[in-house]
Amino acid sequence: MTRSDLPLSLLLAVCLMRQAAGADLAPLVAAGLDRTVVLPGATYLTGVVRADGRPGLTLQWAKLAGPGAVAFSNPAAAATAARFAAVGEYVLQLSAADGKLQAAATVRVTAVAAPPAPHLEPVWSTAYQLSSPFWRKRTKNLIVNWLPHCVGKLCDPATREGSIEDFVLAGRKLAGTPGVVHAGPGFCDWFLYNTAEAMCLALLVDPQGDPEIIAAQNTMRLTLDDWIPKILSAQEPDGYLLTQATLQGRPHWRHVRDHEGYQAGYFIEFAIAHHLLTGGRDRRLLDAAIRLADCWVRNLGPAPKQRWYDGHQGIEFALVRLARHLEGGAGPNNNGAAYLALAKFLLDSRGNGEEYDQTHLPVTRQYAAVGHAVRAVYGYTGMADIAMETGDADYRSAVQSLWSNLVNRQYYVTGGLGSGDTNEGFGQDFSLPNNAYGESCAACGEVFFQHRMQLTWHDAAYADLLEEALYNAVLGSVDLAARNFTYTNPLDSSEPRYPWHQCPCCVGNIPRTLLSLPTWIYTRSSDALYVNLYLGSRVTIDQLGGTPVQVEQSTEYPWCGKVAITLTPAHPATFTLHLRVPKHQSSALYTNHPESSGLSAITINGQPVTPAVARGYALVTREWQAGDIVAFDLPLPVQRVQASENIAATRGRVALRCGPLVYNLESVDQDVEAVLAPNSPLTTEWQSDLLDGVRVIKGRFRDGTPLLAIPNYARLNRGGRSLVWIRDR
Ligand SMILES: [Zn+2]
């Protein structure tokens, strides 16, 4: 541990001990957290110096290493700003001297160039078809098993956490019915919105004649028809919407622990999903979302309005999404600029609180992920949206710093987040115990965050991480039949999944994330399509090169590396196809052997091509004709994953992966504490009768007994113990 890593509390404790001992020692110095700065922005240094209270202390910031000049706004102050003349890695030193004794500490700053302009645009899900056998099974079970289970809970007034009945009661109260009494502690409007949004997304999936999917979808339509008027009836005349507040007559925006913004944000996202589902024909929910957002804008903001923030982030990125949705032509009453300004104001209002909800510092001065992991990653997603939409230099630098800290120091190999060292949250850098908390919602948030980063930076590394989190952490949070889920996702566990949790935040979040596939597969500009995931599917992208383009992927990835993409523009159209080159090594914490990168045997209509690669994408620009086919192979070797020696929990252990899938050993197949021989050959084998059909990894332990590893997402479907990190020493 270097001085710059010393926690402030430890520094103070050491200082007090020395004072008590009357020691004549050099000052203690900490230079602050390593971070990233996006040029031409500044980074805000907050050095800490303790000098036993003696007079004559002098401080000095200086550049120790780095490719360009560094200008400090006040090099003699512990807290100062630094600006950098060139991109590259810098080491800055804070030194302190009190007479004859002195001490110094360093901080590393990575200066990067501003992102390319303009940012990319999301592809929000509209009607699509899945051909991937892998994803058809997973989505079918969500549609026919999991969502009906969620709806059943929400239609049962006995569900203590909340049900549609709360909206009915709130509506009656608002209509003036006397004697309406709140049935229970219901606090889960959000769970209903998540589930309803997931139903909207499920209705976009082409059932392809499957009678079970058709029946489930028909029931979902009836449920939405029943629910929507009830939900709308619970909206207060000024646009405010929260059943518990209405039923209890509670004042609005008094406390930061009432989840008012978190719930409002989920309502906005549900409303947009429903508007998209109906092709813009049904505006009831969207108009309600606009009334809600307008209500928030009227009440919250710079003086004379109220300064406030929600202790659980979520409304910030929802407001940005609403602004974008209205900008996309869903007007006519486009108040998008005000929604964007409110989202930024809510984030800017944080800063006088605690690490738990990321209010310990102004968000633009936060450079390391701390506190409750879901709140954190939802907050960072909102910050990434603000950075993207406004180009604010301080937001960009904070977001890049938080991302780097998260991915390079606090990231599980499965894409999970949150060690649980703090309350549902992060611990110290590199503290990644295998009994991880890893809340499923944090994995969903990780997908949202990486998505925004890819939109901003056009870089495949973010899509790599999104894919990793989606295929392992999010997909593994439900069982194969989609009848049980888990709130936490340890990397070594014997705990079976379960159908319910007293805080049902993940229950609806998991399906809405998993059913948003087109959004995770593609991002775009007016003349470029980014293919971020290889996933057998047919999606129509609007106005690409000036015309709608049907994009059909034929592939059995991740089981098989062959991909063919057929493009069918309505009219011949010129645009650039950006094909992600998967690397699966985008966190500095993990190294894969053998390396695997690159697309091979790339052809267009059968003719070999060698595209240039930029920012992790192979680029193909041409005038595309209906039926043009781009084909290629993705290498899928079995890889051993070595973790950084900084992580205590994985020393002497190795993980296995193949493509995006991380693998587990299960005690039902072998002794999971056996040692894998370093040179044991590892092969894959398709087993159609195991776990809904999986490609297993086979090898031998050092004692000669056979090893069998199954994909992490399919873990704990047969009982026993399941673990990611295998002994290799
Ligand atoms: Zn959750």
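This is a predicted model: local features need pLDDT of at least 70, side-chain atom pairs count only at pLDDT 80 or more; totals for chains, interfaces and linings use all residues.
Helices (H or I, at least four residues) and strands (E, at least two) are DSSP runs numbered from the N terminus, and two strands are taken to pair if DSSP finds at least two bridges between them.

The strand β3 runs antiparallel to β7 (residues 79–84), and five bridges join the two. Both belong to an open sheet of three strands, ordered β3-β7-β6 with antiparallel pairing. Because β3 (42–46) and β6 (70–72) stand at the edges with a single partner strand each, one side of each is left without a neighbour in the sheet. From one strand to the next, the twist averages 30 degrees.

The helices come next along the chain. Two packed helices are described by the angle between their axes and the distance between the axes. The axes here are lines fitted to C-alpha atoms, for helices over the stretch in contact, with angles running from 0 to 180 degrees between N-to-C directions. For α2 and α5, the axes come within 9 Å and cross at roughly 35 degrees. Their crossing is left-handed, a term used when the near helix is turned anticlockwise from the far one by less than a right angle, with clockwise giving right-handed. Residues Lys140, Ile143, Val144, Leu147, Pro148 and Val151 of α2 meet Glu212, Ile213, Ala216, Thr219, Met220 and Thr223 of α5, where contact requires C-beta atoms, placed from the backbone, to lie within 7 Å. The residues of this contact divide into eight nonpolar, two polar and two charged, with Ala, Val, Leu, Ile, Met, Phe, Trp, Tyr, Cys and Pro counted as nonpolar, Asp, Glu, Lys and Arg as charged, and the others, Gly among them, as polar.

Helices α2 (133–154) and α5 (211–233) are also among the elements that cover the buried residues of α3, as are α4 (189–202) and α6 (243–248). In α3 (residues 164–174), nine of the 11 residues are buried, that is, have 20 or more other C-beta atoms within 10 Å of their own, whereas 12 or fewer makes a residue exposed and a count in between partly exposed, with C-beta atoms placed from the backbone. Just after α3, glycine 176 takes a positive phi of about 95 degrees. Leaving aside neighbours within four places in sequence, glutamine 263 is in contact with Asp189, Trp190 and Leu242.

A second open sheet has six strands in the order β10-β13-β14-β18-β23-β22, with mixed pairing. Its edge strands are β10 (121–122) and β22 (613–614), each with a single partner strand, so one side of each has no neighbour in the sheet. Strands β13 (residues 522–524) and β14 (residues 528–531) pair in the antiparallel sense over three bridges, and arginine 524 has leucine 529 in β14 as its bridge partner. By contrast, β14 and β18 pair in the parallel sense over four bridges, with alanine 528 opposite threonine 576 in β18. Strand β18 (residues 573–580) is mostly covered, six of its eight residues being buried. Eight bridges join β18 to the antiparallel strand β23 (residues 617–624), where tyrosine 617 stands opposite arginine 580.

Notes: Residues are numbered from 1 along each chain as its sequence is written. Two residues are in contact if their C-beta atoms, placed from the backbone, lie within 7 Å.
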